[in-house]
Amino acid sequence: MSSAVVVAEKGNSLWDDAVARLKKNRLAVFSLCLLAFELVICLLTPWIAPYGFEVQDLNNTLSGPSAAHWFGTDALGRDLFTRVLYGGRISIMVGLLASGVSVIVGVIYGAVAGFVGGKLDNLMMRAVDVLYALPFIFLVIILMVYFGRNIVLMFIALGLTQWLTMARITRGQVISLRQKEFVDAAHTMGVTGGTIVRRHLIPNALGPVIVYLTLTIPTVVLEEAFLSFLGLGVQAPMASWGTLIKDGVDVMEIAPWLLLFPAATLSLTLFCLNFLGDGLRDALDPKGAKD
Amino acid sequence: MGLGYLLKRLAIMVPVFFLVVTMVFFMIRFAPGGPFDGEKAVSPEILRNLNEKYHLNDPLLVQFGNYLKDLVRGDLGPSFKYANRTVNELIADSLPVSLELGVTALIWALLIGLVAGGLASMKPNTVWDYVPMSFSILGICLPTFVIGPLLVLVFGIWLEWLPVAGWDAPEDRILPSLTLGFAYAAFISRLTRGGLMEIRSQDFIRTARAKGLSEARILIVHSLRGGLLPVVSYLGPALAGIISGALVTETIFNIPGLGRFFIQSAVNRDYTVVMGTALLYFTLIFVCNFFVDIMYALLDPRVKYE
C-alpha cells in the first residue's frame, strides 16, 4: 500500500519531506541509531578494544562469557568480544566499499543507457538481461580461490555482482525524468542543461538509488560472510563475522557462545540494515511498490 | 506466448553459455598454481608426464578447442585429482544428492510459505497473521549459515531429536532441507499474503461473494491463480538461491553433494571438475528460469513475451 503523495508545502524540499517521514518510522530510526553506534564502535576499535585481536591466552581457552571476557574466549584463548569488533570493521568496510563499487558502475551504466537511448540503450539493457541470468556467486568463488583470497579483490568482485539492478533503476529514473513537465518547464525558462542535471535530475533520481543502496549493503555484507564462512573470504588471523561464525560452528558443542555472539551480531546488523532500507524506501519513494 | 519467443530464449542461451565457458576456462588457467602442486612435491619428470597425459603442455588455445569439442559431445573430461574418474562420473554421484536436497527444500518452502501466507491473508491483523509474519522476518534476515548451525544446536545437540550431519537415514534430510528452505518459506509466505490480499480487494471477488460462494471456493477457484503470480515469479530467483545456498548447507551438514564437491575441487585446482560443475550450475539456473517464465505466462494471460 502506498500512501498518497504529500503535496509539498512551500519550502519543503524532497529531502525535508523524506526526513519527516523517516522520523515517524520508529523502527527505522532505532535501526539507524544502532547502526550509527556500531559504526562508531567499529571505527574506534583499535583504541577501545579490551585486548589485541591476536593476543592469545592459552591458559584460558574456550572460557564462557565473564567480566573479563564479555563474549568468552575462543580455542586459542583470544577475546571474542575484541574479535567481533575487529570482524565488524571488515564486514562494514566490505558493505560500504562493495556497495560503492556497485553504485558507481550501476549509475554510470544506467544513466548512459537512459540519456543516449535508442539502439545503444537497447543493446546495453539486453546485456543486463543476459547478465542477470548468471549466478555471479559461482564466478566470485572461482575468482577468490584462484586469485588469492585478496580482500580488495573481494570488494570489487562483490560490488560487480550487484550493479545490474542499480543500472536498471537509474535508467528508468533518467528516462521518466527526462519527460517530466518540470524539466520541460526548466528548459523553457532558459535553464542550462548542466543546471537541469544538477538541480532537477540528480536530486530526483537519487532517491531510488539511495534506497536500493541501503538494500545492497546488507546483501554484500551477507555475501562476504557467506564466502568467509566457506573459508574463501577473509583469511586468518584476520576475522570477519563470517569466519567467526564458521569458527563457532566448529566448537558449538562445547562452547556454543562462540557461535551465538557473532551470529547474533551479524543478524542484528542485517535486521537493522533491512529495516532502515525499508524505512528509507517508504520515506524517499512513497509511490514505490513495496515489492 | 509465442513459440518464437521460446526459441529465441533458447537461442540466446548458446552464446551466453559460450561466454561462461570461455570466462571460467581462462580465469582458471591464468591463475597461479596448478592441479599437481600439492603439499608433497612431485618430481619434475612425473610432473612432465602428468602434464603430458592431461595435455596441459599444449598451447592454451588448443586446450580450449579440445575442451569445447569434448563439451559438445557431453564429455567433461577426466578429473585431475581423482585418478581414473571422469568428471561425468563424479557429477553423476553427487548431483542426485544435491537435487534431492534442493527439491526437498523447495517443497518445505512452498508448503510452509503457502500455508502461512494463506492463513495470514484470510485473517489479517490477528495472531494468525502476526506470528507467521514475525517468523518470516527472521527467515528473511537470518542467513543460511546462521539458521543451520542454530537448528543443529537446538534440535541436534541440546534436544538430541535429530542427527547433526550425514546423509544416510531419512531423518538426516530434515535439518538440512529445513535450513535451506526456511528463507524461501519466509519470502513465499509474504508474497502469498500480499498477492492474496490484493486479489481479495478486487471487484470480481466481491461479485463472487455476492453470488454466495463459500470462502474456500473463492480462495481456491478465484483468488489463487492471480494471487500466486508474485510467488511464481519469485520461484526463479528462489531456485537460483537454493542452488547456491546448497553450497553452505552441504558444508554445514557434511553432505556429499555437488556444492561441497565444487568448493573442494576449486581449492584443489581440479580444473576440469571446477569447469564441469560450474557449467552444470549455470545450465541448471538457466533451465529453471526458463520454466518459471513459461509457467508465469500460462498463469497470467496478460503476460506476452515477444
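How many residues does helix H3 of chain A have, and how far does this helix reach from its first C-alpha to its last? In this predicted model, helix H3 of chain A covers residues 80-116, which makes 37 residues, and it reaches 53 Å. At 1.5 Å a residue, a span of 54 Å would be expected, and the value found is close to that. Just after this helix comes A:Gly117, which takes a positive phi of about 65 degrees.

We turn next to charged side chains. Side chains of opposite charge can pair when their charged atoms come close. Over all chains, a search of the whole structure finds ten salt bridges. One salt bridge joins the side chains of B:Arg193 and B:Asp129, with 2.8 Å from N to O. This pair links distant parts of the chain, as its two residues are 64 residues apart. B:Arg193 lies in helix H7 of chain B (residues 174-200), while B:Asp129 lies in helix H5 of chain B (residues 127-141). B:Asp129 has a relative accessible area of 2%, which is under 20%, so this residue counts as buried. B:Arg193 has 21% and is partly exposed.

A second pair has another setting. B:Asp203 and B:Arg206 form a salt bridge in which the closest N and O atoms are 2.9 Å apart. Both residues lie in helix H8 of chain B (residues 203-210), three residues apart, or about one turn of the helix. B:Asp203 has a relative accessible area of 51% and B:Arg206 has 57%, so both count as exposed, the cut-off being over 50%.

B:Glu215 and B:Arg209 also form a salt bridge, with 2.9 Å between the closest N and O atoms. B:Glu215 is partly exposed at 34%, and B:Arg209 is partly exposed at 35%. Elsewhere in chain B, a network of salt bridges links B:Arg85, B:Glu89 and B:Asp93.

The last topic is the nonpolar side chains. In soluble globular proteins, nonpolar side chains tend to be buried together. Which residues touch the most other members of the largest nonpolar core? They are B:Phe145 and B:Phe262, in a core of 144 residues. Helix H11 of chain A (residues 257-284) gives the largest share of this core, 13 residues. Leaving aside neighbours within four places in sequence, B:Phe145 is in contact with residues of chain A, including A:Leu222, A:Phe226, A:Phe229 and A:Leu266, and with B:Val248 and B:Ile252. Another core, of six residues, lies apart from the largest one, and among its members are A:Leu177, A:Val183, A:Ala186 and A:Leu201.

How values were computed:
Residues are numbered from 1 along each chain as its sequence is written. Chains are lettered from A and ligands numbered from 1 in the order in which they are written. This is a predicted model: local features need pLDDT of at least 70, side-chain atom pairs count only at pLDDT 80 or more; totals for chains, interfaces and linings use all residues. Side-chain values use heavy atoms; hydrogens and water are left out. A salt bridge is a side-chain nitrogen of Lys or Arg within 4 Å of a carboxyl oxygen of Asp or Glu. Helices (H or I, at least four residues) and strands (E, at least two) are DSSP runs, numbered from the N terminus. Buried means under 20% relative accessible area, exposed over 50%, partly exposed in between (1.4 Å probe, protein chains only). The expected span of a helix is 1.5 Å times one less than its number of residues. A nonpolar core is a set of buried Ala, Val, Leu, Ile, Met, Phe, Trp, Tyr and Cys residues joined through side-chain atoms within 4.5 Å. Contact means heavy atoms within 4.5 Å.
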